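Open the model in a viewer and keep the selection tool at hand. The stops below go from one selection to the next.

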Amino acid sequence: MLMASEVVHGDTDRADLNSRLALDIPAKEVRQKVTTILGKIWFPSDPGRAALASDAASYIAAGDENARALSFTAVTIATYPFFGQVLETVGRLIAIQGSCASGEVHRRMFERHGESRTISLSGARAFRSMIDWGLLDRDAQKRLVPKQRPSADKAGRVLLDRGANFFRGSITPLSNGDPLLLLFR
């Protein structure tokens, strides 16, 4: 994700990204899937999402680890509604219980989309991304818990609002109690 944002920002060439992916992911089919996912997130054909990706890349270049988590979240929920649904569900459950089990989230996703292996795998990938980005961690009982809750400054909040607007098809800014914001300060 970081290197793709550097390509969007103009700091790295897309050929370098492809070379890096070839080194890191030897299986051609898996690499193609990753390339497709990164392309949809960071190089969208939709002008509004492309502008969001560009602004997110600039925010990352000027920021810190918090900027990464905020930007990655904004561009991902703008492109992949399922990811946004998982994030909302995790946010709600953590607000109520302080933590949640993967199975609790999966059950809610099954209620919305039907029970399938694809839903379980996609949910697990969403959890892994949130953990990699520093939003979540697993406690001793393997429950999902908020990590350090990155702070959302004004620019980061605007990115999250824009990503959420694509996700929800709205123009309303996120309220402070919104489940999409519960993993941020």
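Predicted model: local features only at pLDDT ≥ 70, side-chain atom pairs only at ≥ 80, totals over all residues.

**Around Val 86**

Leaving aside residues up to four places away in sequence, Val 86 touches Val 105, Met 109, Gly 123, Ala 126, Phe 127 and Met 130.

Next, widen the view to the largest nonpolar core, which has 50 residues. Val 86 is among the members that touch the most others, together with Trp 42, Val 90, Val 105, Met 130 and Leu 183. Select helix 5 as well: with 8 residues, helix 5 gives the most to this core.

**The aromatic residues**

How many aromatic pairs does the count come to? The count is 3. For one of them, select Trp 42 and Phe 72, whose ring centres are 6.3 Å apart. Their planes stand at 85 degrees, and planes over 60 degrees apart count as edge-to-face, so this pair is edge-to-face. Trp 42 belongs to helix 3 (residues 28-42) and Phe 72 to helix 5 (residues 65-79), so the pair ties together parts that are 30 residues apart in sequence. Are these two residues buried or exposed? Trp 42 is buried, at a relative accessible area of 2%, and Phe 72 is buried too, at 6%.

Now move to Phe 83 and Trp 133. Their ring centres lie 5.4 Å apart with the planes at 45 degrees, so the pair is tilted. This pair also links distant parts of the chain, 50 residues apart: Phe 83 is in helix 6 (residues 81-97), while Trp 133 is in the loop between helix 8 (117-132) and strand 1 (136-138). Phe 83 has a relative accessibility of 8% and counts as buried; Trp 133, at 15%, counts as buried as well.

Select the four residues together: Trp 42, Phe 72, Phe 83 and Trp 133 form one aromatic cluster.

Select Arg 14 and Phe 43 next. Arg 14 lies over the face of Phe 43, at 3.9 Å from the ring centre.

Both residues also line the largest cavity. The count comes to 1 cavity of 30 Å³ or more, and about 40 Å³ of space lies in the largest cavity. The largest share, 4 residues, comes from helix 2.

How values were computed:
Residues numbered from 1 in each chain as written. Heavy atoms only, no water. Phe/Tyr/Trp six-rings, centres within 6.5 Å; stacked < 30°, edge-to-face > 60°. Helix = DSSP H or I, 4+ residues; strand = E, 2+ residues; numbered from the N terminus. Buried < 20%, exposed > 50% of the residue type's maximum accessible area, 1.4 Å probe, protein only. Lys NZ or Arg CZ within 6 Å of the ring centre and 35° of its normal. Core = buried A, V, L, I, M, F, W, Y, C linked by side-chain atoms within 4.5 Å. Contact = heavy atoms within 4.5 Å. 1 Å grid on protein atoms, 1.4 Å probe; cavity = no way out; pocket = protein on both sides within 12 Å on 5 of 7 lines; lining within 4 Å. Points joined across faces, edges and corners; volume = space filled by probe spheres on them.
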